[in-house]
Structures are given as structure tokens and as C-alpha cells.
Amino acid sequence: MRRYIARRILNLVPVLLGISLLAFSLSALAPGDPALRILRLQSDAPPTRAAVAKLRVELGLDAPFPLRYLRWLQDAARGDLGESYRTGEPVLRALALRFPATAQVAVVSTLLALVISLPLGVFSAVRRNAPVDHASRIWALVGASMPSFWLAYVLILMFSVGLRLLPVAGHGTLAHLVLPSVTLALGGAATLTRLTRSSLLETLGEDFVRTARAKGLGSFSVIARHALQPGLIPVVTALGIRLGHLLAGAAIVETVFAWPGIGKFVVDSIYDRDYPVIQGFVLFTGIVFVLVNLLVDLAYVWIDPRIRIEAGRG
Amino acid sequence: MTGKLRGMLVAVVVAGLAATVPAGAQTPAAKQELVVAIGADTYRLDRVRGDVALSRVGGPAKSIFETLVRLGRNYQLEPGLATSWEFVGRNTWRLTLRRGVRFHNGQPFTAAAVKWTFDRIAQAGGGTAVIGEGSAKIVDDFTVDITPTAPNVRLIEQIVHPTYGIVAPNTFPGPATEAANRPTGTGPFRLVEYVRGNRLVVEGNPDYWGAKPRLQRMTFRFMPDANTRVLGLRSREVDFAVAVPREIANELEKTPGIRVVRSPVGQYEAVYIAIHGKEPYVLGREKAVRQALSLAIDKAAVVRNVWQNNAIVSQTMIPASMLGEHTRIVKGTPYDPAAARRVLEEAGWRPGPDGIREKGGRRLSLVMVVGFPNAEIHRPFPELAQGMLRQVGIEVRILITPDVSSYETQLGKGEGDLWVEAGNQNDANPCFLPDLLFYSKPGARQENEYGLLFGPGPVFDRLIEVCRTTADPERLREVAAQAMALLIDQEAIVLPIAGTFNVLGLSERVQGFLPHPSGLNQGWEAVWISN
């Protein structure tokens with residue numbers, strides 16, 4: 001198992017190299033000049049061509065692409081992701097400063113989505129074609145179709161403007177965490193409910209479930225001990241992907257709720273062509289996804305004994 | 001966010017405004033505390049003022065730092081930390097400083113603080129006032145001479161901008177959480193707390209030299225989303241929301257307990273026509289085409305339908321109030337589609353089979369680039385203008401740039417005929433915008449993409465040079481008006497569409513608020529909370 005984990009972590013190196021190169025290339029290809037943007041942010045005046053050219057040299061943007069990439073790679077290997085063009089702060093610090101807020105809302109909303117979707121999906125599968133199943137499927141369809149910003153406004157209107165129960169926006173207390181988490185959770189829960197239902201329906205048709213029933217086990221035992229665990233595999237996969245996405249920031253929800261996370265910061269950095277932040281973020285996201293995938297793979301091992309054997313050999 | 005999505009969310013908010021039951025009138029606390037929802041925290045390490053985002057519209061900059069000269073609501077100059085000023089020749093202004101003023105840390109305000117601040121400004125680039133190291137010279141404790149590094153008699157009108165706010169000597173930029181780095185000015189409010197991305201709190205300065213602020217405490221909450229700011233106001237979580245979207249303003253006005261106020265005109269919407277474009281963006285070189293464009297856009301309809309009357313039709317790009325009686329020099333262009341057709345006919349542009357005019361086998365087809373400062377704020381003006389121009393036989397293809405960087409790149413390459421921009425006036429120099437955008441003398445200090453694409457040439461440049469060198473304010477206004485007339489009436493390079501307002505929403509409890517046309521120069525000292 002340790003060897004397996006070590007191998008997966010080692011896999012990070014080529015993955016990160018690949019995505020950093022991709023991110024670097026895309027930044028270089030995108031229209032826009034960071035030097036021009038910085039000067040424009042610093043003053044009301046459109047900068048002169050000479051000033052832009054001077055700053056490009058200062059930022060090292062005049063160097064050829066491969067050289068810039070190699071320089072960045074060298075620094076990144078030492079843990080130095082450079083400084084944000086916009087804010088002047090070290091990229092690593094800037095990301096680390098905003099990540100806790102993002103992680104807070106990502107973890108809470110993922111747990112909330114799980115708490116909603118798991119019982120609903122199971123109940124829906126067990127009571128297939130019953131009213132509760134129809135209701136759950138409609139909810140899943142509506143939930144998955146709702147744009148997050150729209151849902152956010154509806155929730156604010158209900159709970160902040162109407163009932164005055166929760167703050168409209170901001171960060172700092174548990175109350176502030178509720179609406180952004182619920183907004184993100186509802187969309188995710190809808191998808192996970194559908195997935196749980198369909199996956200469980202498939203498992204419920206398997207031979208080993210029929211055998212368990214034939215042995216005279218009760219319905220609860222059959223589902224809880226036999227059907228649910230293997231049925232969870234696709235759900236865990238989807239959950240992992242969702243968590244990875246959320247840890248990389250949810251810019252729209254962060255903007256609506258004035259949540260000081262990583263998402264809006266990065267979107268603004270993209271608008272301003274803040275290359276060091278963009279590169280740092282891509283690297284960071286790559287690490288997050290690889291680690292979350294690793295956790296998902298380990299969860300498979302826990303869920304499915306057959307995978308455990310494979311992992312043990314790995 | 002796309003226009004469609006934006007439309008949806010506006011519909012949701014408007015529906016919510018109409019549907020939610022307004023809360024009953026609350027008995028306000030006697031505390032003089034105000035919560036203001038402002039835009040995103042545009043944090044950046046400011047080499048002059050420290051580790052705090054201080055220059056947002058409606059933001060706290062003006063409450064903490066004061067400028068030597070203030071900008072009045074009619075763009076007039078008013079004494080600030082300087083009580084008087086005079087031009088003493090040789091590109092130098094002498095300012096007499098106010099006595100008895102202290103910084104928030106107790107330091108006395110003297111000429112040393114002015115020198116220290118201006119030297120810092122020089123290190124940070126010098127700004128539009130072209131300040132260099134040593135530009136500020138101490139004459140005595142309360143007299144200072146300021147000499148820009150290039151001919152610039154407009155200094156006094158420029159230093160009203162909050163970026164020239166005076167900072168306490170020997171306070172250093174760095175994390176504002178550390179007392180030594182705390183942004184320290186002389187303003188009516190002093191900084192209490194700054195939580196990045198969340199809030200900035202100030203409290204009334206009891207030692208303020210001027211009229212004491214009536215508010216004890218103000219919390220500026222960073223809310224990047226305009227709809228959230230409005231919802232915060234609706235929920236009473238905030239007392240004040242800046243930059244209310246024009247689509248919501250009229251509906252919000254009907255909400256009990258909330259007032260909507262509009263500033264005098266301080267911003268504009270305009271179309272610039274490229275006159276120095278390269279193929280295929282060369283049609284703007286022809287004056288008849290530019291004149292037809294300016295005649296064919298119904299500005300009153302744009303104000304009505306796009307700005308929902310939160311703007312006025314303006315014949316100039318800059319606020320007309322800045323030009324005084326000389327405003328009449330700028331005539332502006334009436335909406336006259338028949339005249340537009342006639343001008344095009346006379347220039348040889350004849351309608352083709354699909355109604356779009358042609359000349360010498362070339363279609364009258366123009367690219368309209370939209371994206372400064374972002375594409376959203378212009379919508380749906382480009383589409384409306386497209387329809388109007390089609391009526392006279394001009395085809396317009398709209399190019400929406402995804403962000404301002406892309407717009408700037410497009411501008412740098414000159415790939416477009418019509419450039420839709422919104423801007424604002426934050427200082428008292430009426431020549432600021434024409435100088436900045438259209439002065440094009442080769443090798444000039446501010447040679448930039450705008451001048452290269454739109455600059456009318458030597459006659460205009462000479463007017464701007466008079467602007468830069470005259471010490472007579474009346475002459476300045478007259479020349480600024482002449483420069484505007486050249487751009488708008490004679491050459492039709494600039495099509496002013498509207499002068500727009502800052503729209504702000506506030507609780508009825510908030511009293512004494514006078515909206516400033518320049519959001520950056522908004523003052524708060526007269527504001528109080530009623531019972």
C-alpha cells in the first residue's frame with residue numbers, strides 16, 4: 001500500500017510538469033500584456049509604450065518563452081512561485097491566505113451534499129417508481145439545472161432579505177458559511193442523488209444481492225451490508241471530482257457572497273494577466289486533484305475488497 | 001458572466017425586490033455607525049499609502065487621507081491641507097499649508113510631510129502630475145514649492161486626486177495589521193481595522209481640524225457583486241450600497257425605507273472612431289463616415305433605454321460643468337438620420353442590395369470593439385447602436401472582448417473602427433481626458449495607443465499645450481472647450497453618448513449625504529444617522 005501511495009505521489013511530477021507547461025503556453029498565447037495591465041492599474045492614465053516596454057524588461061517578459069518557463073520551473077522547484085504582479089505579495093502566500101476560506105466552504109458543502117444525496121438516492125432506488133422516487137428525480141433534475149448564482153440570489157432573498165435569519169454576504173462566523181455552502185451543496189446533491197440512485201439500482205440487480213435476499217436477510221441488511229458499499233464507487237468518484245473542483249475555488253459563488261476564497265482571486269488574476277498567480281494556481285490545482293484522486297482510490301480500496309487486493313500488489 | 005445570465009440575475013433580484021415583504025420601520029440605534037457596501041477589495045501593495053486598498057469608488061481613501069487641494073462637487077477647487085496656492089513661474093506652484101493640523105498618530109502636519117509624500121509618489125512613478133524626486137521643496141514649515149519634472153501648470157487641478165493624499169512621514173508600506181504600517185493621514189476618519197477581502201473599519205477623528213465627523217464609526221464592507229450590495233441594503237445588513245446597477249435603480253427606489261440618490265454627471269459613455277487605422281480598419285479616416293455615425297445615433301433613446309434615465313445626453317465627453325459658460329462652444333451632434341444618409345450619399349456611399357452602403361466595391365462595414373473597462377457595463381448599447389446605424393446603411397459588427405486585457409491588446413493592434421468606452425473624471429483639470437487620450441505629438445511623454453489611433457493632430461495638440469501651460473483658469477476652460485469642439489463637432493472623432501450618474505442606494509436613516517460626481521472623492525464627514 002505504501003509503495004502504491006508513493007508511486008502515485010511520484011506520478012505528480014510528470015503531471016505537474018505537463019500542466020505547468022500547458023498553463024504557461026496558454027498564458028503566453030492569450031491576448032493581453034501584464035505590463036500594460038499593471039501600469040493601467042497603478043494610474044488613471046494609459047501608459048506610454050516606453051513605460052510598458054521598460055516594465056516588460058523588469059518583469060522578464062521580454063525573454064523567449066522557453067527561457068521564461070525554465071526560470072519559473074527552477075524557482076518553483078525551490079518552492080518559490082514568484083510574486084503577484086498585481087499585489088506584490090508572494091504567490092504561495094497569496095494562495096495560502098485564501099485557501100482556508102475556500103477549503104471551508106468546499107468541505108462543508110461536499111459533506112452537506114453527501115448528507116442530502118445519500119439517503120435520498122438510496123430511498124429513491126429502494127422505492128423505485130414510487131412517489132418518493134418521482135419527487136427525488138424531479139428534485140435532481142431541477143437541482144442540477146439551477147445556475148449557482150441564481151440559487152444564491154434566491155437563498156439570499158429567502159433567508160436574508162425575507163426572514164432575516166442569515167447574513168447576505170461576508171466571512172468570519174458560522175452563519176456566514178451557511179448560504180454559500182448550501183448553494184454549492186444543492187447543485188452537487190442533485191447530481192449525487194441521481195448517481196446514488198442509478199448505481200444502487202444496478203447493484204440491487206446483482207446476483208450477490210439476490211443471494212443475500214434468498215438467505216432471508218432483511219431489506220435494511222441487504223442494502224446496508226451488501227448493496228450500498230459497491231454501489232458507492234461511482235458516487236465516491238463523482239464526490240472526489242466535485243471536491244477537487246470546489247477546492248480550486250468557486251468564483252461565482254465567492255463573488256456573490258463576498259467570500260474571500262481562491263476562486264475570485266484567480267479569476268481576477270486571469271483578467272489582469274497576473275502570470276505568476278495563474279501558474280501558481282495551476283500547479284496548486286494539479287496537486288489538489290492528484291491528492292483528491294489518490295484519496296478516492298484509497299476509498300475504493302476500503303469500499304471494494306477486490307480493489308484492495310490490486311492495491312496490495314501495487 | 002454573459003449578458004443573458006446577467007439579465008436572469010437582474011430579473012431574480014428585481015422580482016425579489018417586488019415580492020419580499022418590506023420589514024417594518026425599525027427604531028434605529030442611537031449609535032452613529034454606518035455600514036457601507038463597496039465593491040471588491042482591490043488590494044495591492046501601494047508604495048505610497050501602504051498595505052490597504054484605499055482607492056475604490058465610494059471607498060475610504062478620502063476619509064483617511066486628505067489632499068492639499070480638494071475637488072468640489074462642481075469640479076471646482078477648494079482648500080484642503082493647503083489654504084492657498086499661486087503659480088510663481090518656472091513651472092512651480094507655491095502652496096501655503098494649513099496650520100494646527102495633526103496626523104492620526106499625533107505628528108504635526110508640516111511641509112516635511114508634503115515633501116515626504118511627494119518623494120514617495122515620485123518613487124512610485126510620479127503620476128499624471130509628473131512628480132519627481134525633489135519636486136517638492138520646503139520653503140518653511142508651512143510653505144512648499146512643487147515643481148513637476150515636465151511643463152505642467154495643471155498640477156493644482158491634478159493633485160485633488162486621492163492618489164496625492166498626504167501620508168504621515170515615516171509610516172511605511174507593509175502589512176496594515178502592524179501598527180507601524182497603519183495608513184496614517186489627517187482625514188476626518190482614522191483606520192481601526194482592515195481585514196483583507198472582508199472589511200475596512202474607520203472611526204471618527206476627534207482631533208480633526210475641520211468640521212468634526214458626525215459618524216463615530218464606518219465599516220466599508222467589500223462586496224464585489226452589485227446585486228449582493230443591493231440585497232444587503234434590502235436586508236438592512238448594510239446602510240449604504242455604492243454603484244447600484246442601473247437596471248435595478250428604478251425598482252429599488254420604490255422600496256420602502258430605501259432612497260436612491262444620483263450624483264451629478266461625473267462619468268461618460270462615448271465612442272471613439274479610429275482615424276489612423278490600418279487596412280481593413282480605415283473607413284474612419286473618412287470624415288463623412290464619422291459625421292454620419294454621429295448623426296445616426298439617437299442618444300436620447302440610448303439614455304432612456306440603456307441607462308433607464310440614469311444619465312443625460314451630453315454634448316461633451318467631460319462633465320459639462322467643468323467648462324462653465326464655455327460649454328456652449330461644444331455644439332454636439334443632433335440625432336438626424338436623414339442628414340446622416342445625405343452626408344453618406346454626398347460622399348459617394350450608395351445603398352447596396354441589402355441596404356448596406358457601398359463605394360468602389362467596398363461595403364460600409366465597421367467593427368465596433370466593446371470591452372473598456374468591461375463589456376458588461378455597455379450592454380445593450382452596442383446592439384442598439386448597431387440597429388440605428390443599419391437604418392442609415394452602415395453595417396456594424398460587434399466585437400466583445402472577454403476582458404480589459406484583450407481590449408487593450410486589440411487597441412494596441414488597432415484592429416477595430418469604433419471603440420466603445422466608459423470613463424470618469426476624478427480631477428479638476430478639464431483637459432485631463434483630451435490630453436491623456438488624444439494628444440499625439442510624436443515622442444510626447446504620454447505617447448500611447450490612444451493618441452496613435454485617434455489623435456487629431458497638430459491643431460489639437462497645440463490646444464492641449466495651451467492647456468498645459470496657462471495659469472488662467474478661465475482660459476483653461478475655454479481652450480478645453482475648443483479642444484472638445486474639435487474632437488466632437490469639427491472632426492467627429494469622439495461621439496459622446498451620455499453623461500452618466502453614480503447611482504447609490506441608502507437607508508432612509510442615512511442623512512446628510514451629498515453624492516460626489518467623482519466616486520473617488522466622496523466625502524463622509526457630513527453624514528449622520530437619524531432616529
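**View 1. Polar contacts link chain A and chain B.** Across the interface of chain A and chain B in this predicted model, the rule finds 13 residue pairs in polar contact, both residues at pLDDT 80 or more. A polar contact here is a pair of N or O atoms within 3.5 Å; within protein, one must be able to donate a hydrogen and the other to accept it, and residues adjacent in sequence count only if both atoms are side-chain atoms. On the chain A side, helix 2 (34-42), helix 5 (91-126), helix 7 (148-162), helix 12 (251-256) and helix 13 (262-271) each supply at least two residues that touch chain B. Helix 7 of chain A gives the largest share, eight residues. Helices (H or I, at least four residues) and strands (E, at least two) are DSSP runs, numbered from the N terminus.

**View 2. A salt bridge joins A:Arg273 and B:Asp403.** The closest N and O atoms of this pair are 2.8 Å apart. The rule finds two salt bridges across the interface of chain A and chain B, each defined as a side-chain nitrogen of Lys or Arg within 4 Å of a carboxyl oxygen of Asp or Glu.

**View 3. The contact surface between chain A and chain B.** Here you can look for 47 residues from chain A and 53 residues from chain B, with contact meaning heavy atoms within 4.5 Å. The buried area is about 3900 Å², of which carbon and sulfur atoms give 59%; this is the accessible area (1.4 Å probe) that two parts lose on being put together, summed over both. A:Arg49, A:Tyr153 and A:Arg164 supply 17% of the area that chain A buries against chain B, more than any other three residues.

**View 4. An open sheet in chain B.** Seven strands of chain B lie in the order 8-9-10-1-11-22-12, with mixed pairing; two strands pair if DSSP finds at least two bridges between them. Strand 8 (189-195) and strand 12 (258-262) of chain B each have a single partner strand, so one side of each is left without a neighbour in the sheet. Strand 9 (residues 199-204) and strand 10 (residues 217-222) of chain B pair in the antiparallel sense over five bridges, and B:Leu200 stands opposite B:Phe220 in strand 10.

**Reading the views.** Residues are numbered from 1 along each chain as its sequence is written, while chains are lettered from A and ligands numbered from 1 in the order in which they are written. In this predicted model, local features need pLDDT of at least 70, side-chain atom pairs count only at pLDDT 80 or more, and totals for chains, interfaces and linings use all residues; side-chain values use heavy atoms, with hydrogens and water left out.
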